[in-house]
There are 2 protein chains.
Amino acid sequence: MNADRVLADLRELASLTGGPDGARRVCWTDEWTRAREFLRERLAELPVEVEVDEAGNLWAGLDGEQDGFVIVGSHIDSVPAGGWLDGALGELSALEALRSAAERGTPPVGLRLVDWADEEGARFGRSLFGSSACAGSLDVGEVRDLRDRDGERLEDVVARHGVELDRALESRARLRGARAYLEVHIEQGPVLESRGEPAAAVLGTFGVERHLAVFTGQTAHAGATPMELRRDTFMATSQAALEIKEVGIRHDGVCTVGGATSEPGVVTAVPGRTEMLLDQRHLDPDALAAMLAEARDACERAAADQGCELELRYLWSIPPIPFDDRLIGLARKSVMDAGGKDTAIPSGPLHDAAEMARLLPTVMIFSSSSPPVSHTKEEDTPEADLRVAIEAYGSTVQATLELAAGGELPPRG
Amino acid sequence: MNADRVLADLRELASLTGGPDGARRVCWTDEWTRAREFLRERLAELPVEVEVDEAGNLWAGLDGEQDGFVIVGSHIDSVPAGGWLDGALGELSALEALRSAAERGTPPVGLRLVDWADEEGARFGRSLFGSSACAGSLDVGEVRDLRDRDGERLEDVVARHGVELDRALESRARLRGARAYLEVHIEQGPVLESRGEPAAAVLGTFGVERHLAVFTGQTAHAGATPMELRRDTFMATSQAALEIKEVGIRHDGVCTVGGATSEPGVVTAVPGRTEMLLDQRHLDPDALAAMLAEARDACERAAADQGCELELRYLWSIPPIPFDDRLIGLARKSVMDAGGKDTAIPSGPLHDAAEMARLLPTVMIFSSSSPPVSHTKEEDTPEADLRVAIEAYGSTVQATLELAAGGELPPRG
């Protein structure tokens, strides 16, 4: 792996499709197409054939001495006004992995690059489009009529980019022969920065439980209603929120109250109704279930203490998706060898790797994020940390190819 | 006083200007004019002359054996879809006080009824229009260009009802000779209902401090940001809100958080900014100042504990307006004599009486509210409680007339 080439490619892509307002490679737009052309130009220098599958994912591969292949990839699309590294670091590192493998000759097993279509879901609100189609978890009927800000339907827009939505799940055939999936990405959080570590192996993606806690009390005049006669839903919400913070700390997970909406929501009234947004995440399914149960208890206790009633409404959930222990081991060693520490952390955000992990041995490597702000143009990582992550990724790819050649990680049928 | 006549008048007014959707006597509308016509018809049966002053307030009076006069009154206007008692109870009880005084012959000092214009401010958002003009506290320039939902200006609308806005403050001349002001009103809160008391004397109106607490922290990814690295403004708000509740309890005042608005306010982000609406009220100015100081401390402590910053923005305030001790004494005794207890409570809401209390010895009597909901058609009071309040009001008027005749409560020059 030559980190210099990855950094040069990243900077060139940023100058092509970024600028003072950040990256603008929103999927299913002309600038995304331009970013893909940049990728195609680079791939054209290699002895590979480029194909786009039924879900709009771009593939290019080297055959190996043995059957089957290891997949490397990420996504070249971005949110509007996004950062220069989110997705692009992984995609251009995968490119470099392919390039350096080609320079070394025939790899021990095949090596295949993928650029997943529409990881961000920035235009239609559905993330992981291409990878979930490939993994078979996309519900085509659910996304068909999603509309962008201009009212255009997803089905019509992807058709203009050569994707016939009803055939998108046929993308799954691309995984026949796949042995493993490897991705490098920025952390998008402050953990590595706070520990002063450049990179880490990733244990898997958090499971998520999302709920709306609806507290119902009694709207009352702020002047005429003594404290002891109130049924105050903002106080119930406040009590619940502080307890839920402790739930997150106790289980070493994360619990977030994103905000609350009160009715009537004016300065002169005790609010008779407040809705609180709750998001909980953990890598361990039992811990996630316990966090949810304790959050429910906290909300019920808060409601009772403040004379209110509670309804906890389910919004969305996804189970934790752990990565492959053998590959995590390889990634940890690679990070150490590249100058980092022997560390593995969970991923709060979802990634295309989570879709692949449903079907294939999978691992990710994170570089630090500094400042650790996600989906903004301020997103950045020190170059030294990027080099460690890129090097570690290259070593993990190499070690995975060798592991596969040694008889582990059999090709998917 | 004949409570039967007051109740009959209240019911007739409700059938004229109410209905299944509640009272509709919004000031400066045709239905308000119709309510006033009802009042004028009743006054036409008495030996009084009816006049409307420069601020649109309606006056009618009996001269007494001695100079000067006691004022009785309230407001016949209502909010849209309001209750049958708010304002009307006081106005029609004042009518009955005038009527029964007329039946008894010449009172010891004069007795004058007032129907204040636009107590509710329902059309233009400025309450206490007529009474504040009469008290001299109305800022004409501030209200001139207020607009209703249809875009009509206050100045133009009141002109159609005979009020030349630039002369409204001349209404003050009506107070020359005034000795005291007496008003009965529903409580609009749950205190008397919760104590099982029908009525009470009122100590004065709460002072109010309104602020916006703005907490600033760091917006962060709900999945990627460990609990210990957060600067979470919703947690700061929650901690502050719970402490502020204790401040209200500790000082026997009221503190209300009407709601909070977080940014970005989505389920997937730790909110980096939250604005919290804060209203605090107390009858004692020192206690109100202490409550504000303690709320500020609570907000600062919460901000510091959660790694956030605080800005406390001033919105509005009004000092407490205490009523007259002698008149409170008369009102307490009258309530007891009418079958209630020896009770006096503060008023959370403002009233026309607060404007009069700036210039004249003033007291109010509250009937219970049950259910204690204000400004809705469900607003109600048991008839037995209304009778106690009406009787007590009549006795207070009589005792005040006698006190004035005895040389106290000198006429205002």
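Colleague: What percentage of the interface residues of chain B are also interface residues in chain A?
Modeller: This is a predicted model, in which local features need pLDDT of at least 70 and side-chain atom pairs pLDDT 80 or more, while totals for chains, interfaces and linings use all residues. Residues are numbered from 1 along each chain as written, chains are lettered from A and ligands numbered from 1 in written order, and side-chain values use heavy atoms, without hydrogens and water. The copies meet through the same surface because the share of chain B interface residues that are also interface residues in chain A is 100%.

Colleague: How many residues does chain A give to the contact?
Modeller: Contact means heavy atoms within 4.5 Å. Chain B contributes 53 residues, and chain A contributes 53 residues.

Colleague: What area is buried between chain B and chain A?
Modeller: Buried area is the accessible area (1.4 Å probe) lost on putting the two parts together, summed over both. Carbon and sulfur atoms give 70% of this area, which is about 4,000 Å².

Colleague: Which element gives the largest share of the side of chain B that touches chain A?
Modeller: Elements giving two or more residues to that side include helix H7 (191-195), helix H8 (233-251) and strand E9 (254-263) of chain B; helices (H or I, at least four residues) and strands (E, at least two) are DSSP runs numbered from the N terminus. The largest share, 10 residues, comes from H8(B).

Colleague: What kind of axis relates the two chains?
Modeller: A rotation of 180° with 0.2 Å of shift along its axis superposes chain B on chain A, with RMSD 0.2 Å, by least squares on C-alpha atoms of residues with pLDDT of at least 70 in both. This is therefore the relation of a two-fold axis.
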